Amino acid sequence: MSSALNNPAHPRNVQLTSDGRLKHFLSINGLSKTLLTEILDTAESFANMGEQSVKKVPLLRGKTIVNLFFENSTRTRATFELAAKRLSADVLNLDIKTSSTAKGETLMDTLQNIEAMYADMFVVRHADSGAAHFIASQVTPRVAIINAGDGRHAHPTQAMLDMFTIRKHKGGFEGLKVAIVGDILHSRVARSQIRALNTLGAEEVRLVAPKTLLPIGIEEMGAKIYTRMEDGIRDVDVVIMLRLQKERMSGALLPSEAEFYRLYGLTTEKLSYAHPEAIVMHPGPINRGVEIESAVADGSRSVILQQVGYGIATRMAVMSMAMSGQMHERAQI
Amino acid sequence: MRISILGGRVIDPAQQLDQITDVHLQEGQILALGDCPKGFQAEQTINAGGLIVCPGFIDLCCHLREPGPSYKGNIASETQAALAGGFTQVCVRPDTQPPLDSPAVVRVVKEKAELVGKAKVLPVGALTQGLDGQLLSNMSGLQGAGCVALTNLRHPVQDNLILRRCLEYAATFDLLVVFYPEDSSLKGLGFAHEGSLSSQLGLEGIPETAETLAVAQILLLVEQTGIRAHFAHLSTAKAVTQIAEAKAKGLPITADVALSHLLFTEACLESFDSNFHLEPPLRSATDRLGLLQGLKDGTLSAVSSGHLPHEAAAKMAPFSVSEPGMSSLEVVLPKMLTLVEEGWLSLTDMVRRLALAPAELLRIKSGALLPGYSADLILIDPKASWILNNQTGFSAGKNTPFWNQPLKGRVVTSLVNGEIRYNLK
């Protein structure tokens with residue numbers, strides 16, 4: 001069809017070098033099982049660093065990493081900053097408040113100005129889906145771009161740290177049943193998780209939510225839709241709860257927090273439907289009593305706090321791999 | 001000026017004509033086809049051997065950006081681009097700044113276009129004052145100033161009583177009303193076709209029902225008021241079916257499709273390329289087939305350029321915040337020829353969709369090579385290979401996926417009122 005001919009800039013190719021190495025990390029889409037496994041293995045090699053007295057490796061010494069956060073974030077930015085520092089990079093944090101209707105020039109000008117300061121990597125969080133792709137393909141292609149969350153589209157480092165957590169606790173992905181519960185509609189995390197789980201070979205990915213919070217046609221990504229929590233988490237090995245924003249009530253998506261909690265909140269009682277050894281995950285920050293009961297969040301099955309710790313190792317892995325790919329490609333030009 | 005265009009393949013759907021013959025022009029009008037009339041002495045002859053000669057195209061929806069932001073384009077640049085694309089007349093959208101809601105602004109646009117002397121402009125006036133859907137525009141005055149139709153574009157009249165009054169008042173003057181059907185609440189903040197792909201990409205969707213619900217509602221009001229209505233830029237297969245059924249019932253309606261929707265689908269959004277951020281959004285492959293089918297069977301009687309030129313910065317932004325629209329006047333011919341090659345329509349039907357049908361639905365004496373008609377015609381080299389770039393393009397807007405791409409089929413000469421106003425060197 002003519003459209004394919006006219007549109008060669010496919011995202012699958014944007015983040016890889018000509019020989020298939022990572023040079024940006026924009027989305028899970030288009031990355032192979034081998035590459036995702038390499039990220040997890042690399043993260044594994046960094047995982048115990050936090051316990052050592054010297055928490056640094058010199059992999060990115062002399063490199064400048066700029067955290068560009070166009071959207072508020074505390075934990076994600078902190079783990080990216082720690083990851084960069086443990087890789088011995090110089091880090092600059094920029095919080096750029098911008099309305100979603102701000103003109104494109106501002107974003108472009110900002111980025112090109114920072115690029116002129118010889119930055120080697122941008123860690124970008126932005127409220128618009130596709131922002132990281134736009135920067136990598138149109139604005140500063142010679143700076144390695146790490147997507148730290150773009151609109152509803154993707155949050156690939158969060159998904160990879162979740163995969164790392166699952167592999168740590170479950171040993172692998174074969175035969176694994178995973179339920180993702182809650183506000184799928186607005187969740188970039190869920191979208192990246194679905195892709196990662198399918199690529200890594202999980203047996204079943206289930207999405208559990210009322211129809212107002214399920215994006216149309218999302219099952220085509222490779223997921224089964226459940227609207228009843230009890231059915232959705234029956235016998236699953238992993239339950240991933242998503243954060244529910246208060247704004248969802250005013251948008252006529254839900255009648256009340258109480259009704260959501262009654263139907264989809266993860267309580268000890270509901271968790272009993274899952275596999276007896278099922279783990280409970282949450283990308284945070286959690287809303288106690290809205291999507292999860294405190295007893296579950298703090299309980300023995302919860303790995304929510306471990307996720308945060310694994311986030312640093314995973315981000316170190318992605319940053320070092322993308323920088324290496326970017327350097328490799330620059331050397332070839 | 002007396003001109004004879006000799007030996008071209010003359011295609012004129014109005015006369016079911018497709019044959020090698022001559023065309024003779026006199027005093028800005030078509031004088032005769034075929035043999036040279038007795039006593040006619042051409043002052044200039046044009047050898048059209050190997051070329052197609054046909055009525056100049058008429059665009060139903062074109063943005064000239066003047067008055068308004070001149071960095072996006074102006075009457076001179078865009079009417080020149082129109083001629084290079086084979087459009088000898090272009091309908092001008094009313095969302096200029098200020099909008100075309102008063103006879104004075106309409107006259108300014110017309111006079112400026114005449115002064116520039118490229119393609120002729122056919123202003124489409126605002127249906128409501130300021131396009132804000134509240135007060136009736138001065139419809140009779142707009143008609144008097146030369147408006148060929150009225151529209152509120154994609155600013156739907158929210159209040160159905162006001163809409164009904166608009167249609168009744170427009171019907172008083174037998175004015176054509178153009179609808180860009182879209183339910184604004186269902187559209188919400190969306191900017192991509194709602195479906196699996198937009199869900200995966202995290203782009204807010206516009207459901208099919210945003211279009212079909214609006215079409216259904218407008219059709220009922222058309223039936224009630226008896227207004228002549230034209231549905232512009234349909235994007236869904238279902239809307240094509242709705243139009244076909246309403247036509248079969250005998251409603252006085254017509255419909256068109258924009259070039260972009262005949263060529264592309266939502267799949268183009270996968271790389272977040274803002275050139276494909278359009279209104280209405282590019283939809284599914286099934287929808288595209290429905291539109292092509294509608295084009296083939298005539299439910300969609302016309303094709304419009306949907307030309308919306310932008311400066312580079314308008315598109316240099318993440319998809320959702322980029323400005324919608326595509327610059328397309330100059331690629332309509334080569335891309336329509338591709339559809340002809342693919343068997344979707346004949347050359348004659350291509351000319352019908354681009355020239356005769358727009359003239360008929362606008363009720364203007366044009367779009368045909370009949371004696372006494374204004375000599376607005378074009379010469380096409382269907383085999384010419386070229387590339388759209390800074391050397392060949394005239395529009396101020398480079399916001400097209402065809403920029404720097406090879407194209408086949410090109411307008412060689414455009415005549416307006418019997419004058420050669422564009423000639424490819």
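Me: How do I read the handedness of a helix crossing: is the crossing of H7(A) and H8(A) left-handed or right-handed?

Reply: The crossing of H7(A) and H8(A) is right-handed. A crossing is left-handed if the near helix is turned anticlockwise from the far one by less than a right angle, and right-handed if clockwise. Before going on, note that this is a predicted model, where local features need pLDDT of at least 70, side-chain atom pairs count only at pLDDT 80 or more, and totals for chains, interfaces and linings use all residues. Residues are numbered from 1 along each chain as its sequence is written, with chains lettered from A and ligands numbered from 1 in the order in which they are written.

Me: At what angle do the axes of H7(A) and H8(A) cross?

Reply: Helix H7 (residues 156-170) and helix H8 (residues 188-199) of chain A cross at roughly 50°, with their axes coming within 8 Å. Helices (H or I, at least four residues) and strands (E, at least two) are DSSP runs, numbered from the N terminus. Axes are lines fitted to C-alpha atoms, for helices over the stretch in contact, and angles run from 0 to 180 degrees between N-to-C directions. H7(A) and H8(A) are therefore oblique to each other (under 35 degrees is roughly parallel, over 145 roughly antiparallel, 65 to 115 roughly perpendicular, the rest oblique).

Me: Which residues of H7(A) and H8(A) make the contact?

Reply: H7(A) brings A:Pro156, A:Gln158, A:Ala159, A:Met160, A:Asp162 and A:Met163, while H8(A) brings A:Val189, A:Ser192, A:Gln193 and A:Ala196. Contact needs C-beta atoms, placed from the backbone, within 7 Å. By class, the contact of H7(A) with H8(A) has 6 nonpolar, 3 polar and 1 charged residues (Ala, Val, Leu, Ile, Met, Phe, Trp, Tyr, Cys and Pro count as nonpolar, Asp, Glu, Lys and Arg as charged, the others, Gly among them, as polar).

Me: And sheets: in what order do the 5 strands of chain A lie?

Reply: Strands of a sheet pair through backbone hydrogen bonds, either parallel or antiparallel. In chain A, the open sheet runs E7-E6-E5-E8-E9 with parallel pairing; strands pair if DSSP finds at least two bridges between them. Its edge strands are E7 (224-226) and E9 (279-281), each pairing on one side only. Neighbouring strands are turned by 20° on average, direction ignored. E8 (residues 238-241) of chain A pairs with E9(A) over 3 bridges, and A:Val238 stands opposite A:Ile279.

Me: Where is an antiparallel case?

Reply: In chain B, 8 bridges join E16 (residues 377-387) to E17 (residues 406-416), which run antiparallel. There B:Ile380 stands opposite B:Val411 in E17(B).

Key
Two residues are in contact if their C-beta atoms, placed from the backbone, lie within 7 Å.
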